[in-house]
Amino acid sequence: MDLGVMVEGQEDVSWDLWRRFVTTVEDLGFKSLWRSDPFFSLSGPRTQDAVETYLSFAVAAEITKRVRFGALVSPITFRHPSLLARMCAQIDALSGGRFVAGVGAGWNVPEHEAFGIPFPPVGERMDRLDESIRVMKALWSDGPASFSGKYYQLREAECYPKPVQQPLPVMVGGGGERRTLRIVAELADEWNAVGVDLDGYKRKAEVLERHCEQVGRDPASIKHSQISGF
């Protein structure tokens, strides 16, 4: 079992404090460093510092040598997948291949309302999550990328530099048994479960295995992780 550290970067985390978190996690020998991706505090005043997630990853890439890092997880509603794919590829290149692209469907309605970001119904968000991962993978692959989906389209798009990792690992967070775990089975390299006890985790892992069987994938090829310590 590998141990990582999760930081709620929106809870009054300054740039100086973020740098201290990053270097401490590296120095103490943890395998990974993760952070959430909200735009404002979820437990205090919205006027607290909330360092921008992907800028903070660029800082982490520059001041560490070993630790892996990524988002737990980025709502796919926040950024167009083409933009997200470019940022992830560049951060992976900057870090020498230590980045994990963590994504989810999104959930925090007040945050979307505050910043004027559309919050579609859950079915559409799941469709967008599926398409977004496919867009990102297309842009990370060799050659120009084309994609024709219901929500996103690419036409001979180029994304350079490419990620150092081939493929750049994608983590999907969530536990929805019908759609989320199906997307994990089809598209993800890692599944992050949150808010479940051991029995709940075992049940969802069995559901994921069934999805893998249906799509012809070895479930052992998908890494499992959990957030604990809340």
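Predicted model: local features only at pLDDT ≥ 70, side-chain atom pairs only at ≥ 80, totals over all residues.
Helices (H or I, at least four residues) and strands (E, at least two) are taken here as DSSP runs, numbered from the N terminus. Residues are numbered from 1 along each chain as its sequence is written, and side-chain values use heavy atoms, with hydrogens and water left out.

Let's start with strand 8, residues 170-173. Two strands count as paired if DSSP finds at least two bridges between them. Strand 8 pairs with strand 5 (residues 99-104) in the parallel sense over three bridges, and there M171 has G102 opposite. Strand 8 also pairs with strand 9, again parallel and over three bridges, with W191 of strand 9 opposite V172.

Now for the pockets. On a 1 Å grid over the protein atoms alone, a pocket is an open set of points where a 1.4 Å probe fits, with protein on both sides within 12 Å along at least five of seven lines, and lining residues have an atom within 4 Å of a point. Grid points are joined across faces, edges and corners, and a volume is the space filled by probe spheres set on the points.

The largest pocket has a volume of about 720 Å³. Its lining has 26 residues, with D2, G4, W34, S225 and Q226 nearest the centre. Strand 1 (4-7), strand 2 (32-35), strand 9 (190-193) and strand 10 (223-226) each give two or more residues to this lining, and strand 10 gives the most, with four.

The second largest pocket holds about 490 Å³ of space. Among the 28 residues that line it, S36, L72, V73, W107 and V194 are the closest to its centre. Strand 4 (74-75) and helix 5 (122-140) each supply at least two residues of the lining, and the largest share, four residues, comes from helix 5.

Terms used:
Buried < 20%, exposed > 50% of the residue type's maximum accessible area, 1.4 Å probe, protein only.
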